[in-house]
Amino acid sequence: MASGGTRREAHFDSLERQAGAVRFGMWVFLASEVLLFGALFALYASYRATWPYAFAAGVAENDAVLGTTNTVLLITSSFLVALGTERRAHGHSRAAARLVAGAAAIGVLFLVIKSHEYLAHFASGIFPGGRGAHFDHAPAGSAIFFTLYFATTGLHALHVTAGIVVLTFSAVQLRREKLAPHALDAVALYWHLVDAIWIFLWPLYYLARG
Amino acid sequence: MAHENDPHDGTPQPVATPGTGVYVRSFAALLVLTLTSFTLSYAHLGVFGMPVALAIAAVKVALVALFFMRLVDEPASHRVAGVTAVLFVILLASLSAVDVLTRL
């Protein structure tokens with residue numbers, strides 16, 4: 001039974017209280033992340049109401065199959081992390097390490113597909129800021145759509161990148177049996193939020209063609 | 001100063017988790033909802049397309065939050081942080097859209 005990494009700091013009177021504080025701190029951090037993306041969702045709502053046809057046309061330019069593939073990937077990755085926390089909670093650090101490493105690998109796959117999409121856009125003359133040949137004859141609002149698309153999915157991709165780094169570090173620490181259950185819980189909460197944000201980005205940027 | 005398994009703490013006990021079954025069922029539901037949303041996006045639902053897609057997304061995020069993130073087992077103080085943020089985002093996004101749509 002591996003209990004490595006489970007340390008009680010002096011200012012907590014029990015491990016349970018310490019784990020609760022970690023989770024609460026993480027929830028507050030995640031709430032701030034939700035508000036950060038919330039501003040971008042508000043911009044989407046406002047601009048879509050202003051240019052509904054340009055936004056619908058912009059969504060139609062995106063590859064729904066690739067977007068859906070990425071959705072399935074992130075959900076699967078999130079599932080593996082959840083299973084990892086389950087394994088770690090029961091003392092199986094090495095099994096948890098494999099699951100968390102698998103989740104990180106899927107995160108990399110997500111970024112590969114996202115990069116492929118960006119490159120396809122660039123090849124079609126679609127760049128952030130309304131630059132590129134695509135916008136010479138595009139309807140008004142098209143530049144706004146794609147700028148918002150690059151900003152929002154780019155910010156999300158940065159979060160995925162950070163998540164991959166933290167998941168990889170966690171997998172190494174789990175492998176060495178030096179990561180406490182509550183530490184993995186905090187990492188898992190972050191990764192689930194990255195998944196949850198994409199779950200909303202996906203219909204807005206890949207499905208809402210009408 | 002930190003302690004490792006001192007007598008005051010006792011041996012670390014397994015953390016309460018929902019169990020593998022809950023995770024598997026949630027994952028299966030998320031995949032089914034994803035497929036449903038993808039299929040419906042080609043069904044020409046017109047003005048209902050966006051609300052339906054967002055409603056399905058909301059259900060999926062609820063599944064992730066409640067079971068993967070274990071919000072269902074969290075104390076009220078933790079739930080308040082998450083729920084407040086989501087409510088503020090809904091308020092911000094909906095009022096932004098309403099502002100544009102009601103301008104003369």
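Me: Where does B:Thr34 lie?
Reply: Look at helix 1 of chain B; B:Thr34 lies there. Helices are DSSP runs of H or I with at least four residues, strands are runs of E with at least two, and both are numbered from the N terminus. The model is predicted: local features need pLDDT of at least 70, side-chain atom pairs count only at pLDDT 80 or more, and totals for chains, interfaces and linings use all residues. Residues are numbered from 1 along each chain as its sequence is written, chains are lettered from A and ligands numbered from 1 in the order in which they are written, and side-chain values use heavy atoms, leaving out hydrogens and water.

Me: Is B:Thr34 buried or exposed?
Reply: Start with the cut-offs. Buried means under 20% relative accessible area, exposed means over 50%, and partly exposed is in between (1.4 Å probe, protein chains only). B:Thr34 has a relative accessible area of 2%, so B:Thr34 is buried.

Me: Which side chain does the side chain of B:Thr34 join in a polar contact?
Reply: That of B:Lys60, at 3.0 Å. A polar contact is a pair of N or O atoms within 3.5 Å; within protein, one must be able to donate a hydrogen and the other to accept it, and residues adjacent in sequence count only if both atoms are side-chain atoms.

Me: What is the order of elements in chain B?
Reply: Read from the N terminus: β-α-α-α. That is three helices and one strand. Of the 104 residues in chain B, 35% are buried.

Me: What about phi in the loops of chain B?
Reply: Most residues other than glycine have a negative phi. Now look at B:His44. Its phi is positive, about 50°, although B:His44 is not a glycine. B:His44 sits in the loop between helix 1 (20–40) and helix 2 (49–68) of chain B. With a relative accessible area of 77%, B:His44 is exposed.
B:Arg70 also has a positive phi, near 60°. B:Arg70 is in the loop between helix 2 and helix 3 (76–101) of chain B. B:Arg70 is buried, at a relative accessible area of 6%.

Me: How many helices does chain A have?
Reply: Six helices, plus one strand. From the N terminus the order is β-α-α-α-α-α-α. Of its 210 residues, 55% count as buried. The C-alpha atoms fill a box of roughly 65 × 30 × 25 Å along the principal axes.

Me: How far does helix 3 of chain A reach?
Reply: Helix 3 (residues 64–89) has 26 residues and reaches 37 Å from its first C-alpha to its last, close to the expected 38 Å. The expected span is 1.5 Å times one less than the number of residues. Of the 26 residues, 20 are buried, so helix 3 is largely enclosed by the rest of the structure.
Now check its ends. At the start, a side-chain oxygen of A:Asp63 comes within 3.0 Å of the backbone nitrogen of A:Val65. Just after helix 3, A:Gly91 has a positive phi of about 90°.

Me: How do I read two packed helices?
Reply: Use the angle between their axes and the distance between the axes. Axes are lines fitted to C-alpha atoms, for helices over the stretch in contact, with angles from 0 to 180 degrees between N-to-C directions. Under 35 degrees is roughly parallel, over 145 roughly antiparallel, 65 to 115 roughly perpendicular, and the rest oblique.
Take helix 4 (residues 93–123) and helix 5 (residues 142–175) of chain A. Their axes come within 8 Å and cross at roughly 155°. That makes these two helices roughly antiparallel. Their contact has 20 nonpolar, nine polar and four charged residues. Ala, Val, Leu, Ile, Met, Phe, Trp, Tyr, Cys and Pro count as nonpolar, Asp, Glu, Lys and Arg as charged, and the others, Gly among them, as polar.

Me: How do helix 1 of chain A and helix 3 of chain B pack across the two chains?
Reply: Their angle is about 10°, and their axes are 8 Å apart. They are therefore roughly parallel to each other. By class, the contact has 21 nonpolar, eight polar and one charged residues.
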